Amino acid sequence: MCGIAGLINPEFSVEEFPKLITGLLSAIAHRGPDGAGYVMADNFVMGSVRLAILDPEAGIQPISDDSERYWLCYNGEIYNYLELRSELETLGRTFKTKCDTEVVLQAWLQWGEGCLNRFNGAFGFALYDRKTKQLILARDRFGKRPLFYVQQGKAIYFASEMKAFLAIPGFAFEQDPSQLRSILGQWTPLPDQTGFKGISSLPMGEWLSFQDGQAERHIYSRLSFKSDIPIQNEADALDKIRSTLSDSVALRLRSDVEVGVYLSGGIDSAIVAHLAKSHAEQSIATFSVTFEDAQFDESAEQKLVAQRIGSRHLARHIRHSDIAQACPDAVYHAEIPAFRSAFVPMYLLSKLTSEEGVKVILSGEGADEAFLGYDLFKETLLRQEWDMLPDDVRRERLKRFYPHLSHYGDQDTAALTGLYQQFSTEHMPGLFSHELRFQNGRFSSRLINVDGEQNPFASLSGLISKNSDFDKMSSVQKAQWLEYKTLLSGYLLSTQGERMSLAHGVENRCPFLDPAVVNIAAATNLKFDDGFREKRLLREAFRGDLPAAVVDKRKFPYRAPDTEAFVAERPDYLELLLSDTELEKLPFLNKKFARLLINKMFTTSPDRISTKENQTFMFLLNIALLNYQFVTRKGLGSGTSLGTLPPLQRVVDLRTCSAS
Amino acid sequence: MDKIRTFIEEQFLIEFDDTLPEYSNLFLEGVLDSFGYVQLCRFLEKEYNISFTEKEMTSNILISLTQIQQEVARKLSEKSTSQTPLVP
């Protein structure tokens, strides 16, 4: 795992290149504390910071081919690199290292962009061809590794994290009200959104070419849930799920350093931990967050799994004060406004992981999207047949979904029924599955005043209309597609996953995001059940390997205390919201709504605050912190604290017009 | 009936105006979720000493301010009719 950054800007003097690139790389030094390197020529400079996982000695970057025509800066891991290397060797390609970085370079030289679909991994890379003066940027198919870019006239800047751009002279961050409104509506950014004007995220499954000042984006992988795997019966499905996941975990254990597992307490990470243990040659370490507040705590199940597999288990206990204290640092690393605080404990967990000397962890992200783990999928199934169901069946199904309803009065069931009644038909074309969720988002989006397009979901509608396969999908498949393109990539893998791990130099790997796993899930979902017991086949596939209390546990969404933690602790930075002068610094804010919301949060008991109000407050706090750090450049975003360059391991100077 | 408008505006942090007219579907506009719907019904029942059956809550009669006001007025009128003593 690494971070990369670079630029092409004809207006910058080549003499400035060393200072420029070391500035950019210093800002993302946390991603690769083991070493830094860069290459510069008359028209480009790019480099990387490296977390050494494979072939620590020989894998120093940047690397080139023998002719020094092609240069590669690479962030990520290609898990099937050994197989690709063998294939390339039989085609006559030779290798100098045992590192996957060289496989990426040789694969591109052999197959061009056709190599991207052969990669099973998590990556973002920049490849420069000195002969054609073409820059290629590429990103993995699920968006596990980030890559941001800015195109300004004939110039392009790129980096693994946006904070690198703070080191570019004259570059100003400005929050984009239109994108913020969209982000608040759909809960997360769309694949190309960042919340900042002029900065784009290269979407998952795409590559970009930049030549002669022109950028062009190309899609190499489209998300599909069509599967041609033949499944004979349920026993066959269970066998195939087991073996596919086992292979996926084995591939992700390829590492020259110790690998750990994040245990949430749920079934997904328990399966990963069990399989990791069964493949590992030695004992493995497991890491968890536990909570002072019992409603969020899953330590009982975490301990059960750790005991079953005999891992060295470590937990980071989280109190309200931890969340309040670490929030600004976590937001700085996340860079994108988040709708809940649950990423903050993950920031503290990766710190513990790093302190324990573990650089690589496996986790369960991607299981709920592939194997239909979320309530959202069940809700979609129920709502689409709602109008045809008798009242008693509706009530019975709702009670199955929401077991807590049996503890409340009839009025609560009636309220939920009334809510479903309103969402039993599609109001937003293509977005039927997410209309209940987006109702909360519509409330949050009121925080942002915009000129022009008022509909927060206009960009999302645009995205699905460009995807011709989308219309042909079932309602549940559409729901999956939307989850992969929004909540998974835009929050779970990024804000809560990769950005928090890499804040402390820990690389996360997700066995459920192997194309073969997504494929076997697509082949088996809803074939042997009605979908109303979430992830049933996955649970049954591993029933014999894990404690029953974990296998049979209902989906328990990972959450952390939100507003209540900040209200209880009242950290100094809440002045960003409590002071009218500070609120005025967010010119696009609907201040009347913001003040009403803030006042309610501080004067109302937590049990009278709704989910959507909580979420809107978290968005507001995040936007204010990002404005403080990135726009006004105070605190962590100030020029003096952008980071320290890791030990410089390689500098390649190909400049011909250098004054030095 | 202004009390209903005030309750919704204060409780759900909105303001009825040109962008959110009183006839708007409060569910689709992101104002009411099931949590808020229960709060609203409890307020109406307590404030006006009326009650809503499950059937009323699950039909489409309590979805906009206009409809809610009409429904409450109807229930109050029904109540006052049924409570009017018979003139001998």
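Reading the terms against the model

Chain A is assigned domain 1 (2-173), domain 2 (234-365 + 493-551), domain 3 (375-438 + 451-479) and domain 4 (570-637), with bounds that come from an automatic or database domain assignment. This is a predicted model, in which local features need pLDDT of at least 70 and side-chain atom pairs count only at pLDDT 80 or more, while totals for chains, interfaces and linings use all residues. Residues are numbered from 1 along each chain as its sequence is written, and chains are lettered from A and ligands numbered from 1 in the order in which they are written.

User: What separates the centres of domain 2 and domain 3 of chain A?
Analyst: The centres, taken over C-alpha atoms, are 28 Å apart.

User: Why is strand β3 of chain A called largely enclosed?
Analyst: A residue is buried if 20 or more other C-beta atoms lie within 10 Å of its own, exposed if 12 or fewer, and partly exposed in between, with C-beta atoms placed from the backbone. Six of the six residues of β3 (residues 45-50) are buried, so the strand is largely enclosed by the rest of the structure. A:Val45, A:Gly47 and A:Val49 point one way, A:Met46, A:Ser48 and A:Arg50 the other, and all are buried.

User: What makes β1 and β3 of chain A a pair?
Analyst: Strands (E, at least two residues) and helices (H or I, at least four) are DSSP runs numbered from the N terminus, and two strands pair if DSSP finds at least two bridges between them. β1 (residues 2-8) and β3(A) have six bridges in the antiparallel sense; in one of them, A:Gly3 has A:Val49 as its partner. β2 (residues 35-40) is also antiparallel to β3(A), over six bridges, with A:Ala36 opposite A:Val49. Four residues lie between β2(A) and β3(A) in their hairpin.

User: What makes β15 and β17 of chain A edge strands?
Analyst: The open sheet has five strands in the order β15-β14-β13-β16-β17, with parallel pairing. β15 (312-318) and β17 (507-509) each have a single partner strand, so one side of each is left without a neighbour in the sheet. For β15(A), β14 (residues 285-291) pairs with it over seven bridges, and A:Phe291 stands opposite A:Ile318.

User: What makes the largest nonpolar core a core, and which residues touch the most other members?
Analyst: A nonpolar core is a set of buried Ala, Val, Leu, Ile, Met, Phe, Trp, Tyr and Cys residues joined through C-beta atoms within 7 Å. The largest has 210 residues, and those touching the most other members are A:Met46, A:Phe125, A:Ala126, A:Leu137, A:Phe158, A:Ala159 and A:Leu620. Helix α25 (residues 611-631) of chain A gives the largest share, 11 residues. A second, separate core has five residues, including A:Phe438 and A:Leu463.

User: How do you know which residues A:Leu620 is in contact with?
Analyst: Contact requires C-beta atoms, placed from the backbone, within 7 Å. Leaving aside neighbours within four places in sequence, A:Leu620 is in contact with A:Leu447, A:Leu577, A:Ala594 and A:Leu597.

User: How many residues does each chain give to the contact between chain A and chain B, and of what classes are those of chain A?
Analyst: Chain A gives 22 residues and chain B 18. On the side of chain A, α13(A) gives the most, with 11 residues. Ala, Val, Leu, Ile, Met, Phe, Trp, Tyr, Cys and Pro count as nonpolar, Asp, Glu, Lys and Arg as charged, and the others, Gly among them, as polar. The side of chain A therefore divides into eight nonpolar, nine polar and five charged residues.

Conventions:
Contact = placed C-beta atoms within 7 Å.
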